[in-house]
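Me: I'm new to this structure, so please give me a close look at just one part. Pick the charged side chains that pair up and walk me through them.

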Amino acid sequence: MSLGQRVSSDHQLARLLQIGVVLEEVVESRAAHHLDSLAPAERAAIDEEVRELLEEAAAESADHRERLEALVDELEAETVAYEEINALVDAQYGPPEDTDGVLYDQLANEETAYKFYDDLIDAIEASESEFAIDRERLLETLYEIREEEKEGVEEVAEIMEHRA
């Protein structure tokens, strides 16, 4: 399913929101694991600014996930449990080698999420379909999440600039 098209049904909307939930679960899991997965010397070298960034990113993604899950619930669909995604992240991704790797990964996560929500909003706005959930509330939630992702991209980029 491409986001270049309109969202035309509750089923399609639920699937796209479920993708958003999984995306947030991956971002949450990766941010939470970055510090734990670094070598002890590299972990000690991470400054407070980066540590706070990762903690905030994990908390923000958890909040986004919960907000999306509430929308999915209203559509009477199910989501993949965080624990399942967390286990996949543990198995799939190796630890970053250094602080720069952590920051690049976090930037990619934030940018991916921003682009996903931007495309999802465009697809919903292009649609004239009625959904089982309030369209205005749906879009308001997605606008807020997209804005928070944009702020995340800017925050990571700013930290990276200071470190260059």
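Reply: Let's start with a term: a salt bridge here means a side-chain nitrogen of Lys or Arg within 4 Å of a carboxyl oxygen of Asp or Glu. Keep in mind that this is a predicted model, where local features need pLDDT of at least 70, side-chain atom pairs count only at pLDDT 80 or more, and totals for chains, interfaces and linings use all residues. Residues are numbered from 1 along each chain as its sequence is written, and side-chain values use heavy atoms, with hydrogens and water left out.

Searching the whole structure turns up nine salt bridges. One of them links Glu69 with Arg65, whose closest N and O atoms sit 3.9 Å apart. These two are four residues apart in helix α3, so about one helical turn separates them (a helix is a DSSP run of H or I, at least four residues, numbered from the N terminus). Both Glu69 and Arg65 are buried, that is, under 20% relative accessible area, while exposed is over 50% and partly exposed is in between (1.4 Å probe, protein chains only).

Arg67 and Asp63 make another salt bridge, at 3.2 Å from N to O. They too are four residues apart in α3, about one helical turn, but Asp63 is partly exposed, at 32%.

Finally, salt bridges with shared partners join Asp63, Arg67, Glu144 and Glu148 into one network.
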